[in-house]
Amino acid sequence: PQGALPGRAGPSRAGRSSAAMGQGCVREVSSYSSPQVVVVRDGRLGTAYRALQLLVLLYFIGYVLVAQKGYQERETGPESSVITKVKGVTQSPSKVWDVGEYVAPPEGGSSFSILTRVEVSAAQAIGTCQEGPSAVCHSEQDCVPGAMDASHHGVRTGRCVPGGSGRSCEVLAWCPLHGGSSSESLAEMAAQFTILIKNHIRFPRFGFSKANIQATESHYLKSCTFNATSSLYCPIFRLGFLAEQAGEDFTALAEQGGVIGVIISWDCDLDLPDTECNPRYSFRRLDPKGTAASPGYNYRFARYYSWNGTCTRVLTKAYGIRVDVIVQGQAGKFSLIPTVITLATALTSVGLGSFLCDWVLLCCMDKEQRYSSRKFEQVPLG
């Protein structure tokens, strides 16, 4: 080109572009952004800004710090032990029942059942008998020898035998399968059975422990029953009281059986004296009520004896009320770390008002260009 020195080429377009990009990067790295305070005198915007700040402060002070105790370190799920003991005697048409017979299991854990009605089958012994209407057959080909599954009452022998209801497969089982059973109710005095629930909890993080019994006299528990106001630390409940508090009719519950939950809640503020940490009891039915498929609660058990040298059993279908004791809770105590985190979050959130108001000025008002030129200004040094 004209004016160029002989033998030397001018700079290429790619070289000039790279140099410009390098200079731009240097300018960005070597620049510093400093906040600029711009006072906008607008009544509506100023009111909205102060209202947002007030709402943020009320939320953190009123809800997070005061209501939710955001200044505390917390521990949920206390270590817990539960011991139960049932007392009472009742009578059915055939005999008198005591605790050793109507409570299962007898160990006194957090889940146990109390029998309220039984259906007792006739004495059974191992032998062969007709399986009944559930295994109708026309010939021995319909009865596979050795076959058994969940729908069978025993092991099939392969024979098709006649009976009172027609021909059906023969099984090796506890016979008679369909013997008559008698129903007996234990509910006459069951509502008056008493249940002692001893509960001890511990929050290991804070080294705090407490029990739901604080009797100063050894005979205190012999003469008291639970009352949420006057006898909170006497955890002796009548079975009828549990059903009533769960909103159930005791007679209907005893007939079909059911599951009652006793929930013990420990919500403790350890910044207060230990006397302010008290158990709170609630009661509800846990199994589905009114279902058509397998309603209520029942189970079977057998008792064995020898009759004329033959091992014999009595099969009992037991209906009862199962009680599940559930312990839950949480404890909190002042700690500097959560307090600092909560306050720092509150102060940071106050700036949300400035962000929203800036967005309104830059995007929603008719003077956004004027505000933008005042808000963002480039000042070269030198």
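## Overall fold

In this protein, residues 24 or more positions apart make up 69% of the contacts with a separation of 6 or more. The model is predicted. Eight helices and 17 strands are present.

Of the 382 residues, 33% count as buried. The accessible surface is about 24,000 Å². Carbon and sulfur atoms contribute 56% of that surface.

## Confidence

Mean pLDDT for the protein is 84. A value of 70 or more is reached by 82% of the residues.

Where pLDDT is low, predicted coordinates should not be read in detail.

## Helix α6

Helix α6 covers residues 336–350, 15 residues in total. From first C-alpha to last, α6 reaches 21 Å. That is close to the 21 Å expected at 1.5 Å a residue.

Which residues of α6 are buried? They are Pro 338, Thr 339, Thr 342, Ala 346 and Val 350. Viewed down the axis of α6, the buried residues fall within an arc of 110 degrees, so they line one face of the helix.

The other side of α6 carries exposed residues: Leu 336, Ile 337, Ile 341, Leu 347 and Thr 348.

Notes
Residues numbered from 1 in each chain as written. Predicted model: local features only at pLDDT ≥ 70, side-chain atom pairs only at ≥ 80, totals over all residues. Heavy atoms only, no water. Helix = DSSP H or I, 4+ residues; strand = E, 2+ residues; numbered from the N terminus. Expected span 1.5 Å × (residues − 1). Buried < 20%, exposed > 50% of the residue type's maximum accessible area, 1.4 Å probe, protein only. Arc of directions from axis to C-beta. pLDDT = per-residue confidence, 0-100. Contact = heavy atoms within 4.5 Å. Areas by Shrake-Rupley, 256 points an atom, 1.4 Å probe, with all protein chains shown as cover.
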